[in-house]
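Student: I'd like to learn how to read a protein model feature by feature. Can we walk through one together?

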Amino acid sequence: MLDPVNQRPHASLGRVLDDLGTTLLELLHGHADRGGVIGGIAIHDPLEEPALPQHALVLGVGVHEPGEVVRLLRDLSRHEATGLVLRAPVALSRELAAAADESGVALLGLTPGASWAQLAAMLRSLLAEDDVGDAGPETLGGMPSGDLFALANAIAALLNAPVTIEDRTSRVLAFSGRQDEADASRVATILGRQVPERYSRMLTELGVFRELYRSDRPLYVEPLEETRDSFTMPRVAVAVRAGDEILGSIWAAVHEPLTDERAQALCDAAKLAALHMLRNRAGADVQRRLRTDLVSTALEGGAGARDALHRLGLGDQPVVVLAMAMPDTAGADASAVTERQRLADGLALHLSAVHSRSAAALVGDVVYGLVPVGRDDGDRRAVHVAADFLERVGDRGRAVIGIGPRAQDAGELAAARASADRALRVLRSRPDGSGRVARLADVHVEALILELRDLVTARGEGPTGPVARLLDYDAEHGSDLVGTLRAWLDAFGDVTQAAAKLRVHPNTFRYRLRRLAEVGGLDLGDPEARFAAMLQLRVVTADRRTRPLVSHTVG
């Protein structure tokens, strides 16, 4: 049986430093065992009054100047923060050390090359921070249930080698200490939280993963000839499986093959890792469903909205609603459903980096985000946040985001959600995929057009007057007088431009224009007649590329 190698409280600063080691964090000044349990992770925002959880570990993003650090330490002392993380290298002056001692806030350095978003995600994973539930005090193999970092350290102690636990896609779920004893490729893996693509590709081409997943015994992997500049230490890996399902693998950086005793210990560890990974997956599913229920309840704006907001930690400040989805053409197959959940998880992580009390959940086929905002930024800040997220994910899924206005309290959330939905629907309906972020004010006319189409469709109404006569004529004679009218109206009466769009000579276009006026009985010089024709062409005869907006609820 594996024995835990760390008896500190699960969420103490000392535990964080033990697990992340010098790979990501370094204690610059202060005491690791001072301050007790960390209450949560917060990101410093110089423009907002801090709303910190008790004994917070604060990420000082963009904080560099010594004077600024000293002022921040004094401020954090009033909020009883546990630690402040700064981007390394940090010049630890006598004044800075004195300020840290006076405040009681430990100073830590984030290693160059690691991102703040990555650190925030890893810390929240390590601390098991969750606003809507508690996994409870269960243990597996003598350590907290689902604690893969503790398990990685225990395996490292048994094998006397630094260890990573990875999923099927070679994403690092947890790692042990002593990673500095491994090679450069392992350090790159830890910093990126993912095995670098060139290594995983080579391992796949050489059949390493195929052999690994086919066996229940550890596999010894020699360094690859093509990567001896950074992949210098051999690895021993074993698959982690639950029945026939491969959950991932455990990798140890070693100097030589394992003894039989250590190989058997690694096999036993893989069985225990499977239990922890299954527990994590089950817990994540329960927490995701609960968070989805809370977000959905808040957005409905009913009697339970206020309580749902409080349980999400958002009950005491204004929020902006973000509504994200893929275009209407994305479909509902398994790959699209998986992609929606990945985008939901990605948006939740992105929003938590912007504001630690943000919340996001997939409700139906729309991902909703609730972002706390200050008095002056409101939906404008949300637009920047959304655009930054879409830029990070690139063209994956071609997601689009509608932004609602600021909701002052729970009573305004339903209307804010409706505005975000209307803006989102416009973006999803655009056949050319133009625009990826919009507020309702940016697309209000397009939203009204879509809603008029819904009304016409619901009533079963068809075109009337000149447009109806032109449609009948085109159907009988195989002509395209309706297309000629549409091109002319779109070009604001510019015959040359409209003719070029239809690829005909301007004289030919003028003849067709006269003909459609005669056939349709349409006075092209009358602005009211032009508007009526344009409205029918946009609303009644338009291609049905959109669908009525559906209210997504969880029940």
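Student: Let me start with a strand pair. Which residue in strand 12 is the bridge partner of Arg 241?

Tutor: The general idea comes first: strands of a sheet pair through backbone hydrogen bonds, either parallel or antiparallel. Here, and keep in mind that this is a predicted model, Arg 241 has Ile 246 of strand 12 as its bridge partner. That bridge belongs to the pairing of strand 11 (residues 235–242) with strand 12 (residues 245–253), which is antiparallel and runs over eight bridges.

Student: What is the order of the strands in the sheet that holds those two?

Tutor: Read across, the order is 9-8-12-11-10, an open sheet of five strands with antiparallel pairing. Strand 9 (172–175) and strand 10 (219–221) are the edge strands, each pairing on one side only. From one strand to the next, the twist averages 25°. Helix 5 (residues 148–159) packs on this sheet and touches strand 8 (163–167), strand 9 and strand 12. The direction of helix 5 makes about 135° with that of strand 8.

Student: And the sheet with the order 1-5-4-3-2: what kind of pairing does it have?

Tutor: Mixed; this is an open sheet of five strands too. Strand 1 (25–29) and strand 2 (40–43) each have a single partner strand, so one side of each is left without a neighbour in the sheet. Twist here averages 30° from one strand to the next. For a parallel example, look at strand 3 (residues 56–59) and strand 4 (residues 83–87), joined by three bridges. Leu 59 has Val 85 in strand 4 as its bridge partner. Helix 2 (residues 66–78) lies across strand 3, strand 4 and strand 5 (106–110), and runs at about 160° to strand 4.

Student: Let's turn to charges. How many salt bridges are there?

Tutor: Side chains of opposite charge can pair when their charged atoms come close. In this model the count comes to 18 salt bridges. One of them joins the side chains of Arg 201 and Glu 197, at 2.6 Å from N to O. These two are four residues apart in helix 7 (residues 197–205), which means they are separated by about one helical turn. Arg 201 is partly exposed at 36% relative accessibility, while Glu 197 is exposed at 53%.

Student: What about Arg 428 and Asp 365: buried or exposed?

Tutor: Both are buried. Their side chains form a salt bridge at 3.3 Å, N to O. Arg 428 sits in helix 13 (residues 413–429) and Asp 365 in the loop between strand 14 (359–363) and strand 15 (366–372), so the pair ties together parts 63 residues apart in sequence.

Student: Now the surface. Which residues make the nonpolar patch?

Tutor: Leu 452, Leu 455, Phe 531 and Leu 535 make it, over about 330 Å². Helix 14 (444–459) and helix 19 (527–539) are the elements that give two or more residues to it. Take Leu 455, found in helix 14: its relative accessibility is 40%, so it counts as partly exposed.

Student: Zooming out, how many helices and strands does the chain have?

Tutor: It has 19 helices and 17 strands. Of its 555 residues, 48% count as buried. The chain exposes about 26500 Å², with carbon and sulfur atoms supplying 51% of that area.

Note on methods:
Residues are numbered from 1 along each chain as its sequence is written. This is a predicted model: local features need pLDDT of at least 70, side-chain atom pairs count only at pLDDT 80 or more; totals for chains, interfaces and linings use all residues. Side-chain values use heavy atoms; hydrogens and water are left out. Patches are made of residues with over 30% relative accessible area and no salt bridge: like charges are joined within 9 Å, nonpolar side chains (Val, Leu, Ile, Met, Phe, Trp, Tyr) within 5 Å. Accessible areas come from the Shrake-Rupley method with a 1.4 Å probe; for residues, only the protein chains shown count as cover. A salt bridge is a side-chain nitrogen of Lys or Arg within 4 Å of a carboxyl oxygen of Asp or Glu. Buried means under 20% relative accessible area, exposed over 50%, partly exposed in between (1.4 Å probe, protein chains only). Two strands pair if DSSP finds at least two bridges between them. Axes are lines fitted to C-alpha atoms, for helices over the stretch in contact, and angles run from 0 to 180 degrees between N-to-C directions. Contact means heavy atoms within 4.5 Å.
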